[in-house]
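Biologist: I'd like a close look at one part of this structure, the place where the chains meet. Could you walk me through it in plain words?

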Protein chains: 2
Amino acid sequence: MQGHVLYNIVPKMTDTTNKKERAHEETAKPELELTESVVANDNNNDDDDEVLENKMENQDEPTHVTTNLLHSINVVEAHKHKDYGGAKGHDEDEQAKKVKQKRQRFHVDHLKDLFENEMDAGYVPYNETNAEVVKRFCSKMHEDDQPFYIVNLSHFARQYYQWIHYLARVKPFFAVKSNPSAFIIKILGHIGAGFDCASVDELDLVLSTCSNIDCGKRIIYAHPCKPISHMKYFRDKGVEMTVVDNEDELHKLKEHWPNAKVLVRLKTNDSHSKSPFSTKFGANECEIRRLLTLAKQLDIHLVGCSFHVGSRCYDINVYKEALEFARKIFDIVHDEEYGFQFSIIDIGGGFTGHNWDKPSFPEVAQSIHEMINKLFPEKKGYQLMAEPGRYFSSGDTILVCSIIARRLHNKEYSSKEEISEAQKEKTKEKALIESAENIYYINDGIYGTFNAIVFDHKVFIVHYLTKSNDKQIPEQYKSVIFGPTCDSIDCIAHSIDLPLLNVGDRLWFPDVGSYTNASASSFNGFKTKKYFFIWRN
Amino acid sequence: MQGHVLYNIVPKMTDTTNKKERAHEETAKPELELTESVVANDNNNDDDDEVLENKMENQDEPTHVTTNLLHSINVVEAHKHKDYGGAKGHDEDEQAKKVKQKRQRFHVDHLKDLFENEMDAGYVPYNETNAEVVKRFCSKMHEDDQPFYIVNLSHFARQYYQWIHYLARVKPFFAVKSNPSAFIIKILGHIGAGFDCASVDELDLVLSTCSNIDCGKRIIYAHPCKPISHMKYFRDKGVEMTVVDNEDELHKLKEHWPNAKVLVRLKTNDSHSKSPFSTKFGANECEIRRLLTLAKQLDIHLVGCSFHVGSRCYDINVYKEALEFARKIFDIVHDEEYGFQFSIIDIGGGFTGHNWDKPSFPEVAQSIHEMINKLFPEKKGYQLMAEPGRYFSSGDTILVCSIIARRLHNKEYSSKEEISEAQKEKTKEKALIESAENIYYINDGIYGTFNAIVFDHKVFIVHYLTKSNDKQIPEQYKSVIFGPTCDSIDCIAHSIDLPLLNVGDRLWFPDVGSYTNASASSFNGFKTKKYFFIWRN
């Protein structure tokens with residue numbers, strides 16, 4: 001890299017279809033069906049959406065466009081990407097704008113001191129695009145080629161205020177696992193959220209970040225299967241509430257945490273969620289009856305129900321079913337005189353974190369609000385809580401990587417082996433890589449932030465920044481993006497259209513806050529550790 | 001867990017086939033074909049093999065038997081496990097014994113002080129079985145339920161001496177990535193090995209563990225695609241040698257590390273390796289000619305060739321082909337007068353680390369030894385080196401987990417949903433879990449040590465220890481093993497025969513040293529951090 005060269009944003013055109021079709025694709029949300037394959041084609045940057053639309057009016061000007069990321073394990077051919085959500089593109093784009101406007105109402109000026117003085121975040125006007133922000137930080141990095149995150153701290157606060165606005169009765173307990181970063185915990189702790197901790201390490205993180213937090217009121221140990229050592233630790237730190245879904249757990253509680261307030265975790269229908277949980281956790285009615293009987297015998301203090309509809313739930317009816325199931329259990333407890341005073345309902349998580357989600361959070365929240373008012377009316381003293389993780393952490397975090405190496409004209413050098421039909425299926429990945437024109441190596445990969453492709457069905461979107469001053473729309477080449485490790489499984493994209501990029505150019509990925517760095521390893525000595533903070537109002 | 005209760009080893013019978021068939025299966029090595037599915041059925045514990053055989057003679061007595069682990073992502077039905085290597089079982093068992101006997105020749109008494117005083121390792125006689133060692137450490141842990149590793153430190157030294165014995169001309173540079181643990185680096189550094197580092201963090205680990213190491217002679221930066229910042233760091237620390245496989249890399253070297261000694265990395269046939277690398281790294285003849293020309297123009301100091309046949313290579317011919325290719329390049333460099341003095345050949349890795357591997361290491365080493373003597377005779381002054389990782393790190397490391405929770409009689413509570421034929425394929429995992437009798441939750445999982453199932457095609461073997469005093473062979477139940485996190489993808493085994501186990505009983509897994517903790521994350525606050533060291537002679 002050459003000194004202080006400012007990066008130019010050079011446009012990327014994915015295909016030659018007409019304007020309208022392109023606009024649809026470029027703003028489409030990720031596919032909602034649970035498939036083994038992922039195709040990226042969404043857009044996180046609210047502002048970019050507008051820029052995009054304006055730019056589309058004038059084809060002479062360059063545009064920022066998202067592209068498709070195909071993962072090496074779950075492969076879908078590039079031409080298939082039109083199948084995913086394309087038809088709804090414009091609709092979602094409109095929705096994203098609406099939701100964004102609503103979110104902007106939740107001002108965060110009063111956190112200026114926290115952001116700027118305590119957390120060293122720079123102020124950025126709301127109308128500055130992500131691309132502009134990325135460009136600025138790339139310039140600031142000069143010759144430092146390490147990857148970094150840019151985090152908009154006000155996002156977390158804004159999400160909290162949006163939650164309180166639409167779901168005032170439901171107290172959010174941030175699921176720390178989605179992004180166990182002190183900066184999120186600090187902000188959410190500061191403005192009053194609770195925390196869902198699932199292990200000693202998560203509890204310690206919250207305790208060390210939020211001094212003097214009232215563990216009894218603001219922390220729930222929301223894991224139904226607890227190591228005894230962890231159980232004792234939570235008890236000793238003053239946490240009061242936990243969940244249970246099997247009989248052994250009641251015996252463990254009796255012996256090690258007899259005064260815990262316990263929620264029974266219900267098994268729900270999670271078939272509409274991207275990451276279902278009900279094979280692993282939750283009790284059905286038959287099991288719950290046994291739990292109620294045993295808890296009564298053991299004198300365990302059951303206080304209500306919890307459920308989790310699975311991560312990223314796109315069907316409001318699933319919450320309805322789960323709440324009705326909880327109501328049924330409340331009635332059973334009352335009518336059959338088990339002797340417990342059930343008053344708490346923990347509606348878990350499943351809330352997505354993006355403006356383009358359909359149904360949007362305001363819509364989901366509105367429905368839940370109506371349902372709980374009907375099933376668990378406020379005047380009867382029911383208390384509601386939830387465990388949102390992704391809702392808070394996924395948006396407004398950008399990963400910026402450098403191209404650390406490249407292999408050009410790859411096709412010329414590909415092995416000329418004859419591949420039999422029978423072998424073709426097995427070697428599809430290899431064939432895709434060998435038939436690509438150029439290969440780029442960047443400094444975060446499948447063992448790092450992109451582990452979410454493997455573990456979280458995550459769809460990534462790639463943008464690029466180049467030092468080239470060429471304002472023309474450059475020629476596109478079929479390209480491969482590899483991660484930095486020595487392992488060939490560390491392939492982020494098989495077959496993606498990119499212009500000719502140079503070592504030192506940047507690729508950036510919006511929306512990488514949840515289940516990314518949280519489950520990244522340091523394999524081969526690579527892990528993205530650098531953070532820049534901003535706040536927007 | 002109740003105080004100092006000693007664990008009993010209770011036998012596990014996998015099926016009802018006759019003795020001979022069982023013996024074959026139980027000692028079979030993992031399947032060699034590159035498939036997406038994994039079925040465990042191997043046996044690391046040399047001593048256990050013998051115990052097994054003895055026990056098999058007397059069916060009244062309990063036996064230790066390995067079982068099958070099916071991963072949630074790559075599913076193979078349990079009945080299929082006989083397809084994998086079963087026929088060769090007895091053969092491999094004999095081989096394992098032979099190789100073990102050979103390895104025992106390499107005594108490590110002279111490292112007693114290092115092991116016992118510097119590294120706090122307890123001595124264990126060579127004929128004490130792994131099961132006995134595990135039992136002892138479980139008793140030592142008392143009520144502490146955290147997972148832990150037991151590492152036999154003498155293994156690393158013994159592997160080194162075995163290497164030197166069979167491949168005296170080839171200097172091993174331990175591939176740090178396979179297990180970046182200070183204890184391995186300390187021992188291998190102490191007895192004279194070199195190190196293959198691929199990043200700043202790996203180099204720093206070696207430097208901080210081996211004080212005053214001669215970086216120029218004992219470290220190679222063996223990554224063909226280097227971030228410029230890392231390149232400068234290696235240069236500044238005195239590392240002298242690296243590899244290259246693309247033209248950009250030569251330009252980067254020219255600018256930032258002009259005096260490096262550079263090996264050209266060749267593209268090899270890796271179709272017989274479990275983890276192939278040649279789609280990601282390596283240059284073919286056409287590329288190499290360009291690299292030679294460009295390196296000459298740039299005055300880069302090329303000194304030889306390197307290659308990597310892919311991780312776990314089971315075909316000796318692949319080394320032969322690669323060595324012949326290297327010979328060809330040496331001849332081209334000489335005959336076409338590029339002006340380089342090629343003298344170094346780095347034969348990379350690909351060496352497996354288990355006694356039962358066929359071909360065994362002594363066999364592979366013998367062949368390579370003959371080939372290099374023919375192609376690169378000693379008297380001509382050729383220097384040979386290699387980058388073994390798994391060869392050193394995979395064996396003699398045991399993971400011991402606790403059962404932290406369980407769900408009994410799972411089948412009774414399974415959802416009674418009707419599943420259509422079309423859905424069956426999609427819901428196979430769910431169906432397997434729901435049809436299991438019992439579910440166990442242990443405290444390491446897919447985000448931890450078992451990430452190797454996802455990323456490294458690793459086959460795990462499970463043993464168990466229970467506090468029960470029942471000496472009878474207990475009834476078996478179809479069981480599921482889940483990891484400790486909140487995520488349902490964190491499933492280690494779908495459908496495995498286990499007796500009724502209790503919370504606090506242990507599951508242990510031999511042979512988990514390579515590409516396990518190296519690429520584990522701390523997701524949800526769970527990571528195995530505790531180590532016990534032993535040494536055997």
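How much area do chain A and chain B bury between them, and what share of it is on carbon and sulfur atoms?

Modeller: Keep in mind that this is a predicted model. Chain A and chain B bury about 6,300 Å² between them, and 54% of that is on carbon and sulfur atoms. As for who takes part, chain A brings 74 residues to the contact and chain B brings 74 residues too.

Now for the charged and polar side of things. The rule finds 12 salt bridges across the interface of chain A and chain B. One to look up is the salt bridge between Asp245(A) and Arg407(B), where the closest N and O atoms are 2.5 Å apart. Polar contacts between chain A and chain B come to 32 residue pairs, with both partners at pLDDT 80 or more.

Leaving out residues up to four places away in sequence, Lys177(A) touches Cys486(B), Phe523(B) and Asn524(B), along with Asp196(A), Glu202(A), Tyr515(A) and Ala518(A). Is Lys177(A) buried or exposed? Its relative accessibility is 9%, so Lys177(A) counts as buried, since the cut-off for buried is under 20%. The UniProt record, an unreviewed entry, annotates Lys177(A) as "modified residue: N6-(pyridoxal phosphate)lysine".

Last stop, the greasy part: the largest nonpolar core has 236 residues, and Phe195(A) and Phe195(B) have the most contacts inside it. Beyond its neighbours within four places in sequence, Phe195(A) is in contact with residues including Phe173(A), Ile185(A), Leu188(A), Val206(A) and Ile220(A).

Definitions and conventions. Residues numbered from 1 in each chain as written. Chains lettered and ligands numbered in written order. Predicted model: local features only at pLDDT ≥ 70, side-chain atom pairs only at ≥ 80, totals over all residues. Heavy atoms only, no water. UniProt positions renumbered as here; feature names shortened; annotations may be inferred. Buried < 20%, exposed > 50% of the residue type's maximum accessible area, 1.4 Å probe, protein only. Contact = heavy atoms within 4.5 Å. Core = buried A, V, L, I, M, F, W, Y, C linked by side-chain atoms within 4.5 Å. Buried area = accessible area lost by both parts, 1.4 Å probe. Salt bridge = Lys/Arg side-chain N within 4 Å of Asp/Glu carboxyl O. Polar contact = N/O pair within 3.5 Å; in protein donor to acceptor, adjacent residues only side chain to side chain.
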